[in-house]
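Please read the points below alongside the sequence and the model. They take up one residue or region after another.

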Amino acid sequence: MGKQPVRMKAVVYALSPFQQKVMPGLWKDLPGKIAHKISDSWLNATLLLGPLVGTYSAAMLDTIRRKVNRYVQW
């Protein structure tokens with residue numbers, strides 16, 4: 001019983017370069033989707049954005065105060 005060669009068909013899956021749209025619906029009307037999410041859950045958006053904006057503004061004010069105090073001695 002010797003080895004007999006067996007013909008196998010190779011299956012190759014490929015995408016056409018003209019059909020490679022990566023999630024086109026994700027980016028369509030993105031500002032509208034964001035506005036819809038915020039208007040649906042405005043309390044969650046407020047609780048998320050409030051501390052972020054507060055922290056950022058406090059850091060900017062501190063940076064400005066340090067720069068002013070470095071150049072102006074009272």
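1. V53 counts as exposed, at 53% relative accessibility. Here buried means under 20% relative accessible area, exposed over 50%, and partly exposed in between, with a 1.4 Å probe and protein chains only. The place of V53 is in helix α3. Together with L48, L49 and L52, V53 forms a nonpolar patch on the surface, and the four have about 390 Å² of accessible area together. Patches are made of residues with over 30% relative accessible area and no salt bridge; like charges are joined within 9 Å, and nonpolar side chains (Val, Leu, Ile, Met, Phe, Trp, Tyr) within 5 Å.

2. A note on the basis of these values. This is a predicted model, in which local features need pLDDT of at least 70 and side-chain atom pairs count only at pLDDT 80 or more, while totals for chains, interfaces and linings use all residues. Residues are numbered from 1 along each chain as its sequence is written, and side-chain values use heavy atoms, with hydrogens and water left out.

3. On confidence, pLDDT is the predictor's own score for each residue, from 0 to 100. The protein averages 82, and 85% of the residues score at least 70. The lowest confidence is in α1, at a mean of 74, and the highest in α3, at 89. Where pLDDT is low, the predicted coordinates should not be read in detail.

4. The protein has 3 helices and 0 strands, in the order α-α-α from the N terminus. Helices (H or I, at least four residues) and strands (E, at least two) are DSSP runs, numbered from the N terminus. Of the 74 residues, 1% count as buried. The accessible surface comes to about 8000 Å², with 66% of it belonging to carbon and sulfur atoms; areas come from the Shrake-Rupley method with a 1.4 Å probe, and for residues only the protein chains shown count as cover.

5. Which residue forms a salt bridge with D62? The partner is R66, with the closest N and O atoms 2.9 Å apart. A salt bridge is a side-chain nitrogen of Lys or Arg within 4 Å of a carboxyl oxygen of Asp or Glu, and the count comes to 1. R66 and D62 are separated by about one helical turn because they are 4 residues apart in helix α3 (residues 42–71). R66 is exposed, at 56%, whereas D62 is partly exposed, at 35%.

6. D29 lies in the loop between α1 (24–27) and α2 (30–40). Its phi is near 55 degrees, a positive value in a residue other than glycine. D29 counts as exposed, at 52% relative accessibility.
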